[in-house]
Amino acid sequence: MGSLSYCMCPPSSPHSKPHLTNLSWPPLMQAEQRLLNWTEKILLHAVAGVLSFSFSSNSVAVAVEAAAGLPSHSATAPDCRKSEEGGDEVREFSLELVPNRRIVEEAWQIVNDSFFDAHLHSWSTEKWLKNQEEILSGSIDTRSQAHDIIRSMLASLADPYTRFLTPSEFSKMARYDITGVGMNLREVPNDDGSAKLKVLGIVLGGPAHSAGVRQGDEVLSVNGEEVTGRSAFEVSSLLQGPKDTFVTIEFRHGNCGPIQSVKIQRQLIARTPVFYRLDQTEDGNNSVGYIRINEFNALARKDLIIALRHLQDSGASYFVLDLRNNLGGLVQAGIEVAKLFLNQGETVIYTFGRDPQLQRSITAETAPLISAPVMVLVNNRTASASEIVATALHDNCRAVLVGEKTFGKGLIQSVFELDDGSGVVVTIGKYVTPSHMDINGNGIEPDFTRRPGWNEALERLSSCKTQH
């Protein structure tokens, strides 16, 4: 069993299915790893990390962020066993031997250990234990029956984001190309507190696989730039680029294999989500930098820095950040964007969950890139990562919010792989704003429903007080 953390973008209509976003992919787990404590695995994957998709009918935007790794087999010596070719075939054969009852028990245990009742339906472990007794009272003769039982079991939670994934659905997620070269990355902690970057998923026949990269390999450098100690989010941004351009990757097979350097041709087009222009105030006395972010992918932070610097060099005294119709995308990208506007030590967001290790705050580590006043434009389709950015700037008195009440999506989900290759999506926590407001189901009220003059906006900012 493996797990990955993600959030879902809000549905485009009340009756449409949620978009999947912020996924972190585990490698295929070995038998001994399945025996790890459930709670330990939840914490390792849910607290640290996110890979992200945003799906739409016309396009797919993909990005990656840090994912925590599982403990190594040995605390004293590296595991130098090499992965064998044909591992997928061995795994598929073994899936047939997994008992149906065990699949149901796995799903039940995941919910028991990790489910966060964000909608306050009075869920409790006592009630869930009674549910287990009822579920397992009869025989489970087929795999299809086991899956139907899991679906029914998850539906009883009345959580719109908690659901079952068939083996084919889970497999499509786990093998999706999120870098443009056909591989996904995760951070794996060392005993000394440092971290190394490992390949946690590989697209068979993709550019990286064809060049000799394999699941479990350690990435050492990208285009000659050493990446040890950097986040998977940063390095995945380095890997991305225009289609048919090349990127050079240095990697090591496993923990003890030889170091190799390969030149790989990118296959995906990395599209910028940032658009900007220089405007003038109504009186023509000041320049205003207008920036629109359509989604938060791995290029958002890098391209926003370019936009901010260009506009600042062009004389912008004020900035407008347009997040209208931005349904989110990669939460970590939103967090990194927010940090560009905040002072060192200021809070971006809080996370809460059943486990104490989900009770944490995320803060800015450096000085802001700009200190000019900001207006953030929002509407009822400003959601998830966009709401994190909007509230971070607003609650730290860096921006006024203008427009409509936002959507209100602030939950954290994890996806767990079951022993037969299927999976379950489970809500495990929520985000809370720097002013300790629960975003989910509430949304954010703007300061102004119409766009104010800059004098009015500055007056509001000057009277603002942080509420942390």
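Predicted model: local features only at pLDDT ≥ 70, side-chain atom pairs only at ≥ 80, totals over all residues.

I started with α3, where the buried residues (under 20% relative accessible area, 1.4 Å probe, protein chains only) are Asn100, Ile103, Val104, Glu106, Ala107, Trp108, Ile110, Val111, Asn112 and Ser114. Helices here are DSSP runs of H or I, at least four residues, and strands are runs of E, at least two, numbered from the N terminus. With 15 residues (100-114), α3 should span 21 Å, and its end C-alpha atoms sit 22 Å apart, which agrees. The expected span is 1.5 Å times one less than the number of residues.

Residues are numbered from 1 along each chain as its sequence is written, and side-chain values use heavy atoms, without hydrogens and water.

Next I searched the whole structure for disulfides (cysteine sulfur atoms within 2.5 Å) and got one. It joins Cys397 to Cys464, S to S 2.0 Å. Cys397 is in the loop between α11 and β18 (399-403) and Cys464 in the segment after α12 (454-462), so the pair ties together parts 67 residues apart in sequence. The S-S torsion of Cys397 and Cys464 is about -75°, so I logged the disulfide as left-handed. Cys397 is buried at 18% relative accessibility, whereas Cys464 is partly exposed at 29% (that class runs between under 20% and over 50%).

Last, I checked Asp395, in helix α11 (residues 385-395).
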